[in-house]
Amino acid sequence: MGQFPDGTNLRIELVKAMDRLEHFGVTYPSGYLEELAVKHSSRVNYPRVLMRIGEPRIRRHPYYNTILERGSDLLDCGCGTGDDIRALIKDGYPRDKIKGFDIDWNSINIGYDLYRDRESMHDLFVVSKKFPFANKTFDAVYSGNVLHTMKDRRKISDYLINVHKVLRDGGILFGSTLGTESHIPSARRKLLTENELRHLLEGTGFKNIEIKTDGRWKKSGGKRRSKWMHWIGIGTFKQDAGDQKGKRETG
Ligand SMILES: C[S@@+](CC[C@H](N)C(=O)[O-])C[C@H]1O[C@@H](n2cnc3c(N)ncnc32)[C@H](O)[C@@H]1O
């Protein structure tokens, strides 16, 4: 179970989450809070994801409006509760073009329980420890707050390689992650610097990478300073093929 920050706990955050979702029309039967508090008492993998349910982060991404206009096959890779998928649908994205993938049911189940939409949403989610999609299945992949949860660079690389393979020609990866200004050897999580993120994306084959950061560096966890990084990268297979052809013709 992940740790709730000091001053709060599962019950407090469930009350807040239900309050937020009631504003969007979700209704709860009496005793539902107690039911959920018992059901999820043994395990909430990502407390902060529960703490922001109903406030989908994808809407803050600088590329969000462009993605909405494209409306092509999209994978939310590490979808958690599915908050971002629900936002996309609410904002007009074609429902049949979206899939949410995660390696664990924990947050997806919390999303179902809080939105009370398991029946109507279950076809959108895929859970597997192994990456289950065929190459070139999607035109866009969203990676929302996944990279900074990974313990080592190998895991991040494997994730990016899968995402690159699953994109069609000219497909786009866009995402956000917590980044660090510089490394603190004692830090529990090894966040990426902007340069490291760029290097990893380039190393996987992404082109036209843009990284934008959110405001100022803020202290988080002891001496470390961090801030949100939003990125876009294009997995340009077609471009590569064109480059090769160009090289042959001029060579
Ligand atoms: C901090 S949560 C973010 C969830 C959601 N994207 C959001 O922004 O609210 C990170 C999620 O990534 C998932 N995850 C971790 N490694 C993954 C991988 N290799 N492939 C897909 N999902 C992964 C976790 O299970 C978790 O649900």
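1. In which strand is Thr-213 found? In this predicted model, Thr-213 belongs to strand 6, which spans residues 207-213. Thr-213 is partly exposed, because 14 other C-beta atoms lie within 10 Å, a count between the limit of 12 or fewer for exposed and that of 20 or more for buried.

2. The contacts of Thr-213 deserve a separate remark. Leaving aside residues up to four places away in sequence, Thr-213 touches Gly-179, Glu-194, Lys-227, Trp-228 and Met-229. One of these partners, Gly-179, is 34 residues from Thr-213 in sequence, and the C-alpha to C-alpha separation of the two is 8.7 Å.

3. As to the chain as a whole, the protein contains 10 helices and eight strands. Its length is 251 residues, of which 31% count as buried. When contacts between residues at least 6 apart in sequence are considered, 74% of them join residues at least 24 apart.

4. The pairing of helix 1 (residues 10-23) with helix 2 (residues 32-39) can be described in some detail. The two pack at an angle of about 135°, and their axes are 10 Å apart. Helix 1 is therefore oblique to helix 2, and the crossing is right-handed. Helix 1 contributes Leu-10, Arg-11, Leu-14, Val-15 and Met-18 to the contact, while helix 2 contributes Leu-33, Leu-36 and Ala-37. By class, the residues of this contact comprise seven nonpolar, no polar and one charged. On the spacing of such positions, a general point applies: an α-helix has 3.6 residues a turn, so residues three or four places apart point the same way.

5. Helix 6 (residues 106-115) is mostly covered, with eight of its 10 residues buried. The buried positions are Asn-106, Ser-107, Ile-108, Ile-110, Gly-111, Asp-113, Leu-114 and Tyr-115. Which elements cover them? The covering elements include helix 1, helix 2, helix 3 (47-51) and helix 5 (83-90), together with strand 2 (98-102) and strand 3 (125-127). Just after helix 6, Arg-116 adopts a positive phi of about 50°.

6. The last point concerns the ligand. There are 18 residues around the ligand, and those that come nearest are Gly-78, Gly-80, Gly-144, Asn-145 and Val-146. How does the shell around the ligand divide into nonpolar, polar and charged residues, and how many fall in each class? The shell holds eight nonpolar, six polar and four charged residues.

Key: Residues numbered from 1 in each chain as written. Predicted model: local features only at pLDDT ≥ 70, side-chain atom pairs only at ≥ 80, totals over all residues. Axes fitted to C-alpha atoms, helices over the stretch in contact; angles between N-to-C directions. Helix = DSSP H or I, 4+ residues; strand = E, 2+ residues; numbered from the N terminus. Parallel < 35°, antiparallel > 145°, perpendicular 65-115°, else oblique. Left-handed = near helix turned anticlockwise from the far one by under 90°. Contact = placed C-beta atoms within 7 Å. Nonpolar A, V, L, I, M, F, W, Y, C, P; charged D, E, K, R; others polar. Near = placed C-beta within 6 Å.
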